[in-house]
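Hello,

Here is the structure I promised to hand over. Please open it first, then read my notes below.

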Amino acid sequence: MKKLLSLVLICALALSFASCGGGGKADEKIVYIGVNEPATGESGAGGKQETLGIEYANFVQPTIDIAGETYQVKLVIVDNETDTAKCPSVAQSLVSAGCSVVLGAYGSALCIASGPTFEAAGIPCIGISCTNPQVTLGNSYYFRICFLDTFQGKVLADYAYETLKARNIYCLAELGDDYSVGLVNYFMEEFKALGGNIVANETYPVGNSDYTSYIANAAKLKADCFFAPINIEPAALLIEQSNAQGLAMPLLAGDTWDSNVIAEAAKGTNLNIAFSTFFYSEVNDTTKQFTEGFKKWLKDNPDKLTANGGNDTVAAVSPLGYDSYFVALEAIKAADSKDSKAINDALWNVTYSGVTGSVAFDKNGDVDKDAIFMVGVDTATGAFKFITEQSAAK
Amino acid sequence: MTNKKRIIISSALIVLLFGGLWVMELTMNTASMLFVVLKKGAIYALLVAAINLLQGFTGLFSLGEAGFMLLGAYTFAIFTIPVEMRENIYQYYDGGLVQFTIPVWAALILGGLVAAFFAFLIGFVVLKLKSDYLAIATLGFAEILRAIFQWDKLGVITNGSNILRSFPGFSSVLFPFGVVGLCLAAMMLLINSSYGRAYKAMRDDEIAAEAMGINLFKTKLQAFVISSFFAGIGGGLLAMYQLTVKASTFTAALSDELLLIAVIGGIGSITGSVLASFLYIAANEWWLRFLDQETFIGAFKIPLLRSGFRKVVFSVIIMLIVLFYRRGLMGTREFSITGIYEKITAFIKKKKAAKGGAGK
Amino acid sequence: MNEFLLMGMAEISGGGFFQAIAGFFQTNLPYILAGISVGGQYALIAIGYTMVYGILRLVNFAHGDVFMTAGLICFYISTVSPLIISLPLTVLFTVALGFTIEKVAYKPLRNAPRTSAMISALGMSYLIQNLALYITGGLSKQYPQIPFISNSVTIWGATTKMVTVVTPILVILLVVALVTLIKYTKIGMAMRSVADDFETSRLMGIKIDNVISMTFIIGTFLASIGSMLYFTNYTAIVPSSGAMPGLKAFVAAVFGGIGSIPGAVIGAFLIGICENIIKGLGWTTFSDAFTFALLIIVLIFMPSGLFGEKKTDKV
């Protein structure tokens, strides 16, 4: 019996050797776009919302014309489990599925871990909300459509110094997370340059659930602002515990906090929360139109609404994901081909005006977005409230 | 079967395997998941075999494999990142302390040696402990190593908790197969030597083995160091496959996963470990990925399929094996050419005899 | 990062002795409170480990995951029913789960080598985590607010949750009850006898299976209570939530002397407090590693822990 079982398994292995072929067949009228996002793990909530933006874009514009023929655009969505060790295999599965271009991922660490695989395969990637400069640096196949942490760090430091009038800041990052460690680093550089003081710069290990000591440290060191640009799930715990411990100083964070999980956690607390983000729905007609359409789409698809966290709050990463899809389509149109190399060449010259601002890539593959929104949380209702729009020109 | 015949057949098979891989790589689409399975499968084969060397042949229950892999992977990465990239990667540590590179093969061996050295130190402390305490203590050491490698005071060497990248990867699938093949061959030789017999004697009965003049502690330490050496090389290879290294990914869960693969293959069978590794990676990375995809046939949504289902199926299979097929795929048997040859000749003889019988 | 400690010290040198002690405590009170609270929760898990190990000589790796599952069960039940019903139901389901795991994963392996049972425990832990991942869809679940114990309270200038105060009291009450049970009831006597000598107890007519089931029931009961306290403090539940607390509780059990219930409780409190003070000193990278370093030191220098009995292996 056992022999038979092993025999069957070996046969299966041999068969798949024989049946192995490439992904998409050349004669099909389909363009595959890969979506490399976390759906589980620490960044799962954010990754899902980013994916929703892409799916909505695919719903709005499901076809594309290449060389006079209409092609279907199909998304290949994979889950990288917020695990940098899983990224290479997951990335390879997108390569093997025959994707022409890949979108994602949420979180800089995941992008950095996936980057080399796509580079080796010659497939261009469009980063959506990965703000660490290292993602595109030295990788000619990685692009990104959001601002960088050098810029975000500067804006946040300005905001802390000028608006919050903070002089002593406590910084918290996640150990080994390129995003939070990087952003804290750029923030500290700028804040010190302004004349402020960093009372401590601490890290917590991945999967940590006890933040009371960090909160106590901040209070003990007499900080007047708590800077914690950390992932959504730890942030929700931090907010909860800050409230329980009666944290008196404002909490400041980066773009990851633009999530309904944060809004939910902050509801009913006595905290003062502010963060920087890519998008605010009430800015102009384009953003309003997007928000309306996206909310309606969520309402029509109950499982999408669940993936968005059970309500129709629009996270900034959704419109960014939406834009990334259209940037990819622009590049395919410009290349007039679904060949990855041609798309990669075309991407350098693509310009596109989306709901989160205009996109044009520089020599690193980054965009020069100079607008950033500071948003707070109305703790009574659990809704986001617009604070100010800041730009680097200041 | 004579010894000469066996050597000829084995070398022919090895040449055939490598030749086949070479031809496959030339003719097939290398983006296919098949090559992921081949590369990662080979690496896992080495790692699982290294665990099996301890668990299956020496009876030492260790859950610290991830720690030794971490040592190998970091050593490899630190010494092979091109000097011009260091400024960029060690961005918070002014380019780091190490400002030279060594060849890939040397870095792999060095990784193994570093892991072996630490295994020697750790083994000295923990190998006196009994089975489950040993498991927990090795697990503890792996966690401590992980914390040390994430410590920012050592950042000039380890880059703190930040990612290491830009070091060389595999140019061909033949490379991991070659390295792993050499290591596995060395392991087989070891097991069939007098050392290997001492290991097995110790596994079966420590007290009897001691009475026979085997120095328990020395033998255990030797096996632990050798196994960790291979784990270190496997860690280096894994780094080459992943193209990035980060301490936070070498968790206890990774050690558990490898141990469970060893159980699937059969505790005490190296070929079982190899077979199980390839099957596990193939199923996990390729064949069963569809279990994670929501799939529709027309408007009908196939129930249960969604993110995470693959892992559930896997863990159920593992539990079934643990409970009902405790010996795994191969038990303690090894897949050998002699064995197959003998079976075939016996089969032919039997048939001949049957024919002869019918003719009479 | 030693300014944390220095602050406390400075206050010591500043005033009189008692004032100084008071000052030190007040500066470090948030850490000590957090330590006591989490230590008490580790204690409730550690008892499950120590009892099972005492009787079966098995490190029940799945125990931490059962603890996590208790949190998830409570989350799901409380979405459909009020807390007054969902809390007892949580305890009931968790105990049922612990009971089932023993019957499915450990009982068939009772005569197998010890490593087989341990591998089975690892496999069970893997299965529970993956099932949790699948059911929750990989997103963290917000633990329901239990009134009274989730309220904020201010002790001596440090603000914390009521659960911090409730935990040590509840732990002591439960431990007293448990020790009484083990000392004076028939099943308790049977447990002690089985822990002492498995084979002889069987020969004496003790129903081993019942004793083992009872051990698992008590262990998971305490773990489910522990999960209510723990997740009230740390409100997000993810599939790996139970892994670290589980390991730390096991270390606590070893530290206190495996098989000893008061030992496990004291070990757990010590680990919880030390861990938080280490974080307060700024050594956050090493707060988990400390627990394991402690484990290794205990295993090498006093293998029978603080309160364990010295045992020699029989040939």
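**Two helices of chain B**

In chain B, helix H3(B) meets helix H11(B): Glu65(B), Phe68(B), Met69(B), Leu70(B), Leu71(B), Gly72(B), Ala73(B), Thr75(B), Phe76(B) and Ala77(B) of H3(B) touch Ser228(B), Ala231(B), Gly232(B), Ile233(B), Gly234(B), Gly235(B), Gly236(B), Leu238(B) and Ala239(B) of H11(B). Residues are in contact if their C-beta atoms, placed from the backbone, lie within 7 Å. Helices (H or I, at least four residues) and strands (E, at least two) are DSSP runs, numbered from the N terminus. By class, this contact of H3(B) with H11(B) has 11 nonpolar, seven polar and one charged residues. Here Ala, Val, Leu, Ile, Met, Phe, Trp, Tyr, Cys and Pro count as nonpolar; Asp, Glu, Lys and Arg count as charged; the others, Gly among them, count as polar.

A word on the model. It is predicted: local features need pLDDT of at least 70, side-chain atom pairs count only at pLDDT 80 or more, and totals for chains, interfaces and linings use all residues. Residues are numbered from 1 along each chain as its sequence is written, while chains are lettered from A and ligands numbered from 1 in the order in which they are written.

Back to the helices. Two packed helices are described by the angle between their axes and the distance between the axes. H3(B) covers residues 65-80 and H11(B) covers residues 216-242; they pack at an angle of about 55°, with axes 7 Å apart. Axes are lines fitted to C-alpha atoms, for helices over the stretch in contact, and angles run from 0 to 180 degrees between N-to-C directions. H3(B) and H11(B) are therefore oblique to each other. (Under 35 degrees counts as roughly parallel, over 145 as roughly antiparallel, 65 to 115 as roughly perpendicular, and the rest as oblique.) The crossing of H3(B) and H11(B) is right-handed. A crossing is left-handed if the near helix is turned anticlockwise from the far one by less than a right angle, and right-handed if clockwise.

**Helix H12 of chain C**

H12(C), residues 287-301, packs with H10(C), residues 243-256: their axes come within 10 Å and cross at roughly 30°. H10(C) and H12(C) are therefore roughly parallel to each other. Their crossing is left-handed.

H12(C) also meets a helix of chain B. The axes of H6(B), residues 131-149, and H12(C) come within 9 Å and cross at roughly 145°. H6(B) passes H12(C) in a left-handed crossing. The residues of this contact of H6(B) with H12(C) divide into 12 nonpolar, one polar and two charged.

**Where the chains touch**

**Chain A**

Chain A has 13 helices and 15 strands. Its C-alpha trace spans about 65 × 60 × 40 Å along its principal axes.

Six strands of chain A form an open sheet with mixed pairing, in the order S2-S3-S1-S4-S5-S6. Two strands pair if DSSP finds at least two bridges between them. The edge strands are S2(A) and S6(A), and each pairs on one side only. The twist averages 30° from one strand to the next. S1(A) and S3(A) run parallel, joined by eight bridges. Asn36(A) stands opposite Val78(A) in S3(A).

Most residues other than glycine have a negative phi, and most peptide bonds are trans. Thr82(A) is not a glycine, yet has a positive phi of about 50°. Thr82(A) lies in the loop between S3 and H3 of chain A. The peptide bond from Gly104(A) to Ala105(A) is cis, with omega near 5°. Ala105(A) sits in the loop between S4 and H4 of chain A.

Best wishes
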